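Hello,

Here is the structure I promised to pass on. Please open it first, then read my notes below.

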Amino acid sequence: MPSHAAQPAPSLNWGKLLRTMQEVRDSAFMEEMMGRRKASGSASPMGRTDAALLYALTRWGRPGVAVETGGFLGMASSFILKAIHDEAVKDAVLWSIESMEGIEQGCLIPREIKGPFRPLHGKVEDFMKRGLPDMIDLFLHDSSHRYKHMLREFDFFFRRLRPGGLLISHDVNMNAAFTDFVTKTYRHDKIGQTDPARTTHAVWGRLGNLGFVVKS
Ligand SMILES: C[S@@+](CC[C@H](N)C(=O)[O-])C[C@H]1O[C@@H](n2cnc3c(N)ncnc32)[C@H](O)[C@@H]1O
């Protein structure tokens, strides 16, 4: 499946990112989602700051093909889908992988933005062996936060990201997987300056419990 993004992403504007975060934090959509989460009894740890950053990054990245793991009831999915909706990304899809039985995956997602949502039921490890897009624009990790599992997802999906694509991880505070991964995507030359030919990230950051890397 091809990536739909027509243009390489522009460089990240941190000021604009923070303004977009603030706008969505103050929005009726944020209140609606917090209300939906409470009413469902969901224990999703995706709080306001993490959700706002996820939304702002997705607006910046304008993904045509997005993949998330640990979709659960759809708190994170909703903020990805809202950003895709607000950017009017044509023909976008969000593949959402969830292994838990007996839940209605994505049930928190408001109907008006649910069009691009594609739930996949099963373990991400099994989907890695078959049936995922070869080229993606945005990846969100939010499944098992075991160190080895996180690194395995990062390695697998980073390879499938197009240049300028976004790798995002929730709960980067839980262990060193995200920082170790970022370390692996950086190389310097003999005099200690960044070697752009061997450095595979353009920019990365962390705020709240969300980390992100833009592939160069
Ligand atoms: C922290 S919750 C996800 C919260 C969700 N993203 C949200 O915003 O509400 C983690 C989810 O990952 C799922 N999960 C854990 N290991 C998984 C795996 N190997 N493959 C797919 N899903 C997995 C769990 O069933 C659980 O629902």
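**What I found**

Strand E4 (residues 136–141) and strand E5 (residues 161–169) run parallel and are joined over five bridges. Here two strands pair if DSSP finds at least two bridges between them. Helices (H or I, at least four residues) and strands (E, at least two) are DSSP runs, numbered from the N terminus. Within this pair, Leu140 sits opposite Ile168 of E5.

Before going on, note that this is a predicted model: local features need pLDDT of at least 70, side-chain atom pairs count only at pLDDT 80 or more, and totals for chains, interfaces and linings use all residues. Residue numbers start from 1 along each chain as its sequence is written.

E4 and E5 belong to an open sheet of seven strands. Its order is E3-E2-E1-E4-E5-E7-E6, and the pairing is mixed. The edges are strand E3 (117–121) and strand E6 (201–207), each of which pairs on one side only. From one strand to the next, the twist averages 15°. That angle is taken between axes, which are lines fitted to C-alpha atoms (for helices over the stretch in contact), and runs from 0 to 180 degrees between N-to-C directions.

**Helix H3**

Helix H3 (residues 48–61) has 14 residues, so at 1.5 Å a residue it should span 20 Å. The expected span is 1.5 Å times one less than the number of residues. Its end C-alpha atoms are 20 Å apart, which agrees. H3 is mostly covered, with 12 of its 14 residues buried. Buried means 20 or more other C-beta atoms within 10 Å of the residue's own; exposed means 12 or fewer, and partly exposed is in between, with C-beta atoms placed from the backbone. Among the buried residues are Leu53, Tyr55, Arg59 and Trp60. The cover includes helix H1 (14–25), H4, E4, E5, E6 and strand E7 (210–215). Contact here means C-beta atoms, placed from the backbone, within 7 Å. Just after H3, Arg62 takes a positive phi of about 45°.

**The ligand**

How many residues surround the ligand? There are 19, and the closest are Ser44, Gly70, Met75, Ala76 and Ser143. A residue counts as near if its C-beta atom, placed from the backbone, lies within 6 Å. Helix H4 (75–86), strand E2 (93–98) and helix H5 (124–129) each give two or more residues to this shell.

**An exposed loop residue**

Lys90 is in the loop between H4 and E2. Lys90 counts as exposed because it has 9 C-beta neighbours inside 10 Å.

Best wishes

Terms used:
Contact = placed C-beta atoms within 7 Å.
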